[in-house]
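Subject: Handover of a structure

Dear colleague,

Please find below the structure that I am passing on to you. My notes on it follow directly after.

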Amino acid sequence: MGVPEQLADRMSMAEQHEYLRSRFSRRTMIRGGAVTLGAVVGGAFVPGATAQAAVPTRSTAPAAQKVDGRLVAPFGRHLAYGNDPRTEMTVSWQVPVAVDKPFIRVGAHPWDLSHRISAEVRTLYTPAGVGASADHTQYYVHAKLAGLKPGRTYYYGVGHAGFDPAEPHLLGTLGTFTTAPAHKAPFTFTAFGDQGVSYHGLANDALILGQNPAFHLHAGDIAYADPSGAGRTADTGFDARTWDQFLAQTESVAKSVPWMVSYGNHDMEAWYSPNGYGGEEARFTLPDNGPDKKHLPGVYSFVHGNTAIISLDPNDVSFEIPANLGISGGTQTTWFEGQLKKYRAAKDIDFVVVFFHHCAYCTSTAHASEGGVRQEWVPLFEKYQVDLVINGHNHQYERTDVIKGNTVTKKLPIGGTAYPETEGVVYVTAGAAGRSLYAFTAPDSYEGHEHEVDSVASFVNTKDGKVNETVTWSRVRYLNYSFLRVDVTPAPRGHYTTLTVQGIAETGDRIDHFTVARRAK
C-alpha cells in the first residue's frame with residue numbers, strides 16, 4: 001500500500017515520494033512527472049496584452065476516453081490574482097472527465113463574451129494503492145488573463161467543445177471578478193485556515209461571501225485529502241477525491257473572490273512530487289514571484305491598494321512536522337526579508353500582512369506554537385514592523401496582545417488599537433474554518449464574554465521537542481467555528497490609516513475586534 005508508518009516517520013517528503021514512485025510506477029505503467037500541462041495560451045483579451053504558454057510535461061495517466069462535451073459541465077471554479085492584481089487574474093476550474101478544447105469567455109458585460117481564450121489542462125493521476133480510492137484521474141483547467149484594467153469588474157464563462165457558456169441556456173453559469181484598484185481605496189479581505197469539507201466549512205463560506213471581500217486568504221490545510229498531516233500519503237486515509245468535494249464546496253465564494261492559498265502540513269501529498277506540492281500545483285495557479293517555484297510554489301506576494309500580502313511556507317522551518325524542514329536551504333527567509341525591505345520602502349504601501357500555516361504564538365493543546373517560525377521569522381516581523389500575522393494550524397480562534405522580543409509590550413483589549421511602528425506585532429490564529437475543533441488550557445475569553453487570566457500554560461515546538469512555557473500574551477480565545485474580516489481604510493499622508501480586524505463566528509456574531517494603525521505615506 002502507501003508508505004508504511006514506521007518508515008514515513010523517518011522519511012523526508014522527497015524520500016517518501018521516491019519510495020512511492022518506485023513501488024507503484026512499474027505496476028501502473030507510469031513514467032515521468034505527475035502533472036500533465038498542455039501547451040495552451042492563457043492570454044489576454046484587451047489591446048496590448050500578452051499570451052503565456054505552459055510548458056508540457058510527460059503524462060502519468062493512461063489515455064482517457066473523451067465523452068460528448070454537451071454532457072459535461074465544469075465545476076469548482078476558483079480565482080487567483082496574478083503577480084499584478086490590478087491587471088492579472090487566473091480563472092481555474094475542474095471537469096469530471098477529459099474534454100476537448102477547454103476555453104474561457106470574458107467580457108465587460110454578460111451579453112458581450114466575444115473574447116474567447118484557450119485554457120490549459122493539468123491532468124492529475126492517482127493509482128489505486130496510493131490512498132483509499134481506486135485509480136482516479138482529475139482534470140484541472142486554468143486560464144491566465146493579463147492586460148486587464150484596474151478596478152474593473154469582468155464577466156466570464158468557462159467551457160469546452162460542446163459546452164459554450166455564451167449560449168443562452170448556459171448564461172446562468174457565468175461568473176464575475178474584479179481587479180485590484182490602481183490607487184489607494186478602502187477594501188475588505190477575509191482569512192482563515194484549516195477548512196476541509198464539512199457543513200461548518202460551507203457555512204463559513206456563505207458568511208464570507210456576505211462580507212463582499214476583495215480577496216480571501218486561506219492559511220493552509222486546505223482540503224484535507226491527506227488526513228495524517230505528517231507529510232505522508234498514507235494507505236488508509238489519503239483520498240484525492242476529497243479535492244473534488246472541496247472545490248465544489250468553495251465555488252460559491254471562490255468563483256468571484258480570489259482564493260489565495262498558503263500551504264500547510266496537510267497539503268504535503270508525497271505521491272505527486274518530491275516536495276509534496278505537485279497536487280496543489282495542478283489545482284492552483286498562484287503568483288510566481290516567490291524565491292523558488294520548484295520547491296516552494298506556495299510562497300509569493302501581491303499588493304492590493306495600500307496593502308502588501310506575503311504568503312510563506314512554514315513547512316520549510318517546522319520543527320514539529322519536519323517532512324520538508326530546510327527544503328529551501330534558507331532562500332525563503334532571505335527572500336522574505338527582501339520583500340519586507342521593498343514594501344517598507346515603497347511610497348504607496350502602508351501595511352504589510354503576512355499569512356502562513358503554523359502558529360508563531362498560540363496556546364492550543366494540539367500544536368501550540370512553532371519554534372521554527374519564532375526562530376526564523378519573528379525577528380523579521382519585529383524588525384520590519386509587520387502589521388498583522390495570520391495563522392491557522394490550531395483549530396480555534398486566538399489573538400495575542402502586542403508582542404515584541406517574546407514579551408507583551410502592550411495589552412490589547414477587545415476594541416483596542418495597536419501601533420506597530422513603535423509597539424510590536426499582533427498575531428491571530430484563525431484556524432477554525434471547518435475541521436474538528438481543538439482545546440485551550442484556559443477558559444474562552446471573547447467579545448461579550450471576557451474571562452481574563454494572568455497567564456496561560458502552553459508549549460512551543462523546538463528542535464529538541466516540546467518545551468513548556470507559561471505565557472501572558474493570550475488575549476482572546478474562542479473555541480468554535482469562525483473566520484477573520486479585515487477592513488482597510490487609507491488616509492491622507494501623515495494621517496493614521498487603519499486595519500480594522502474582526503473575528504466573526506459561524507453564527508455571524510462578532511467575537512473580537514481591534515485596530516492596527518500607522519501613519520500613511
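A disulfide is a pair of cysteine sulfur atoms within 2.5 Å. By that criterion, a search of the whole structure finds zero disulfides. Please note that this is a predicted model, in which local features need pLDDT of at least 70 and side-chain atom pairs count only at pLDDT 80 or more, while totals for chains, interfaces and linings use all residues. Residues are numbered from 1 along each chain as its sequence is written, and side-chain values use heavy atoms, with hydrogens and water left out.

Cysteines. Cys359 is buried (under 20% relative accessible area; exposed means over 50%, and partly exposed lies in between, with a 1.4 Å probe and protein chains only), its own value being 0%. Cys362 is likewise buried, at 0% relative accessibility.

Positive phi angles. Two residues other than glycine may interest you here. Lys101 has a phi near 50 degrees and is placed in the loop between strand S3 (89-95) and strand S4 (103-107); strands are DSSP runs of E with at least two residues, helices are runs of H or I with at least four, and both are numbered from the N terminus. With a relative accessible area of 65%, Lys101 is exposed. Asp194 has a phi near 65 degrees and lies in the loop between strand S10 (187-192) and H3. Asp194 is buried, at 0% relative accessibility.

Helix packing. Helix H3 (residues 199-210) packs against helix H4 (residues 242-254) at an angle of about 10 degrees, with the axes 9 Å apart. The axes are lines fitted to C-alpha atoms over the stretch in contact, and angles run from 0 to 180 degrees between N-to-C directions. H3 and H4 are therefore roughly parallel, a term for angles under 35 degrees. Their contact (heavy atoms within 4.5 Å) involves Gly201, Leu202, Asp205, Ile208 and Leu209 of H3, together with Gln249, Thr250, Ser252 and Val253 of H4.

Nonpolar cores. A nonpolar core is a set of buried Ala, Val, Leu, Ile, Met, Phe, Trp, Tyr and Cys residues joined through side-chain atoms within 4.5 Å. The largest one has 93 residues, and Ile104 and Leu217 have the most contacts inside it. Apart from that core lies another of 31 residues, including Val299 and Val471.

Conventions: Parallel < 35°, antiparallel > 145°, perpendicular 65-115°, else oblique.
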